[in-house]
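Today I open a new notebook page.

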Amino acid sequence: MARVLVYAEVADGTVDPAALEVLTRTRELGDADAVALGPGATGAADVLRRYGAARVFASEDAVFSDCVAQPAVLALEGLVREHGFDVVAFTTGYDSRDIAGRLSGRLGATLMSNVVALPSLDVARAAVFGGSRFVDVKLEGAPRIVLVRPKSFEARECGGRAEVVTVAADAPGDLVTARRVERHEEAASGPKLEDAPVVVSGGRGLGEAANFELLEQLADALGDAAVGATRAVVDAGWVPYSKQIGQTGTTIKPTVYLAFGISGATQHVVGMKGAKRIVAVNRDEDAPIFGLADLGVVGDALEILPRLIEEVRARKG
Amino acid sequence: MNIVVCVKHIPDPNLPGEMRDGRLVREGVQGTLDPGDEFGVEAALQLEEAHGGEVTLVSMGPPAALEAVRKGLSMGADRAVIVSDDALAGADALVTARVLAAAIRRAPFDLVIAGVESTDGYTGTMPSTLAELLGVPQATFARRLEVEGAGLRVERQTAEGYQVIACPLPALVTVTAGVNEPRYPSFKGIMAAKKKPLESLTLSDLGLSPDETAARQRVVEVVDAEERKAGEVIRDDGSAAARIADFLVEAKVI
Ligand SMILES: Cc1cc2nc3c(=O)[nH]c(=O)nc-3n(C[C@H](O)[C@H](O)[C@H](O)COP(=O)(O)OP(=O)(O)OC[C@H]3O[C@@H](n4cnc5c(N)ncnc54)[C@H](O)[C@@H]3O)c2cc1C
Ligand SMILES: Nc1ncnc2c1ncn2[C@@H]1O[C@H](COP(=O)(O)O)[C@@H](O)[C@H]1O
């Protein structure tokens with residue numbers, strides 16, 4: 001059996017749900033172990049074993065969260081050399097990208113990013129051209145590194161009883177020089193973008209930052225809904241990056257996605273075209289977003305939004 | 001401060017991409033400097049203006065990569081190195097990093113800047129691989145960077161805000177689109193660019209073996225993604241909001 005090591009990011013004691021998806025898929029293809037590094041890792045190990053990790057390598061050492069990538073890369077190199085993994089699988093989270101990239105250089109291992117399916121443990125399917133096409137890429141050598149996009153697989157528990165193996169944290173001084181010295185992070189309120197059944201999303205067509213308030217009101221009226229955005233408005237500083245949907249942001253698969261003043265650029269579409277239904281409001285009848293909307297409305301988002309909020313409130317009674 | 005900026009030449013992102021033999025066709029395609037790399041060039045120029053030194057552009061790509069590099073020189077970079085070799089068609093991210101590392105190592109540097117991800121390939125990991133090969137620490141996803149003491153202070157964009165990373169030099173940084181507003185090349189800049197030192201290298205100049213530069217991955221199949229079909233499109237005559245609300249009821253989210 002081929003052997004896989006799944007790297008699971010842990011933040012505030014919570015395992016990256018995408019890592020559980022990857023674990024679920026890779027354990028169908030081979031023997032899958034998992035590794036979690038930094039504060040919260042032992043708690044994470046409990047979750048990882050429920051999702052089928054045969055063994056969980058873990059360390060609570062703060063060096064892994066305080067320092068950028070390098071101590072984790074050293075630890076992973078040690079695990080690969082000791083246990084001979086064929087595949088090391090990551091998600092596309094920021095820390096995962098840092099670590100996976102360095103590990104590729106350190107081990108001379110080929111790497112495939114933006115993977116959306118794993119037909120086998122040496123073929124990775126990735127989206128290219130902003131998601132309009134897929135390529136199946138055969139990877140050679142061992143280990144092979146893959147970075148899998150969130151929502152590519154469904155996570156399923158299987159009630160394993162993996163042993164937890166403590167990983168040594170012994171990075172030398174020259175690997176702990178890049179340090180996180182401040183954190184300015186705040187978990188958003190309301191349902192998470194990637195979990196919300198309805199996402200109301202806005203683009204540059206909303207005109208100015210203040211108009212995002214209309215989306216917040218619509219989401220409030222709907223109840224179980226989150227607000228999303230395009231990169232154009234994130235770059236403009238209207239909304240925080242956490243709301244960005246698309247190639248460089250979050251991938252979502254809600255029941256309904258509502259797009260207001262969004263053109264429908266491929267890099268945006270790749271993050272939301274998994275929605276069950278899509279509604280788009282755009283002033284320009286030629287906007288590409290209409291090519292994939294189940295209901296398209298040619299009109300002014302700023303006129304329609306206040307009326308829609310009223311309609312939703314009325315129907316909710 | 002000697003700064004190296006990695007700049008990639010990409011097929012014009014406004015043209016539909018073409019594939020041949022499982023590879024993105026890069027030859028003979030109208031190309032441009034990856035817009036994401038303009039932020040890197042701008043960041044380097046601002047540091048040079050504040051702290052002195054030199055800005056060197058490094059690019060691996062087809063001979064046409066010259067156009068991309070010219071744009072960076074026109075913006076104000078001092079010199080450029082292009083690595084071009086037929087053997088590099090189909091290079092994977094690891095090979096790209098090896099080639100760029102070999103080119104960068106030829107001269108002392110304090111800082112390497114790259115984009116967070118390229119517009120055409122968007123692997124998003126090449127710079128980290130490069131940092132590892134160069135043996136320097138990294139701070140990625142920078143939305144702000146400044147020199148502080150003998151090192152760098154980088155605001156790193158995260159999903160829920162940002163972190164501040166402190167890191168000594170030499171180092172590698174990747175920059176997001178939020179980091180600055182890239183300047184347009186001036187006429188003077190465009191003229192001056194033609195006289196700036198530009199070195200063209202092949203793999204043998206870099207002393208890399210065929211084994212080190214052989215891609216360990218290849219495309220075995222290209223599949224078209226399932227396209228969503230357009231549905232009903234209506235024109236708002238004042239009733240669109242009610243129609244959307246009906247749609248939401250049908251979808252059972254109200
Ligand atoms: C490497 C790379 C990665 C990227 N990653 C992402 C990503 O992750 N996510 C992402 O979103 N983008 C991403 N982009 C950017 C993407 O290419 C587009 O630039 C972006 O999605 C456009 O955002 P937008 O639709 O808000 O703006 P625009 O394209 O400017 O569209 C605005 C739309 O609003 C309409 N409009 C104007 N006024 C009104 C009105 N009053 N009412 C209704 N409609 C109106 C206009 O007709 C237009 O269609 C990426 C780009 C690159 C190069
Ligand atoms: N062939 C290349 N030549 C120069 N720089 C590159 C090349 N490929 C990638 N880069 C740099 O690495 C960044 C990230 O690229 P990627 O990992 O391909 O998404 C780009 O924004 C460039 O700065």
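First, a term: I call a pair of N or O atoms within 3.5 Å a polar contact; within protein, one must be able to donate a hydrogen and the other to accept it, and residues adjacent in sequence count only if both atoms are side-chain atoms.

I note that this is a predicted model, where local features need pLDDT of at least 70, side-chain atom pairs count only at pLDDT 80 or more, and totals for chains, interfaces and linings use all residues. Residues are numbered from 1 along each chain as written, chains are lettered from A and ligands numbered from 1 in written order, and side-chain values use heavy atoms, without hydrogens and water.

**Entry 1: contacts.** I looked up backbone N or O atoms beside ligand 2. One of B:Met60 lies 2.8 Å from a ligand nitrogen. One of B:Cys6 is 3.0 Å from a ligand oxygen. For B:Thr123, the distance to a ligand oxygen is 3.1 Å. Alone, ligand 2 exposes 480 Å², and the protein buries 96% of that (Shrake-Rupley method, 1.4 Å probe).

**Entry 2: the shell.** How many residues surround ligand 2? I find 19, with B:Asp37 and B:Gly115 among the closest (a heavy atom within 4 Å). S6(B) gives the most, three residues. Helix H4 (126-134) of chain B supplies at least two (helices are DSSP runs of H or I, at least four residues; strands are E, at least two).

**Entry 3: the helix.** Is H4(B) mostly covered or mostly open? Eight of its nine residues are buried (under 20% relative accessible area, 1.4 Å probe, protein chains only). B:Glu132 is one of them. Just after H4(B), B:Gly135 takes a positive phi of about 70°.

Methods. Buried means under 20% relative accessible area, exposed over 50%, partly exposed in between (1.4 Å probe, protein chains only).
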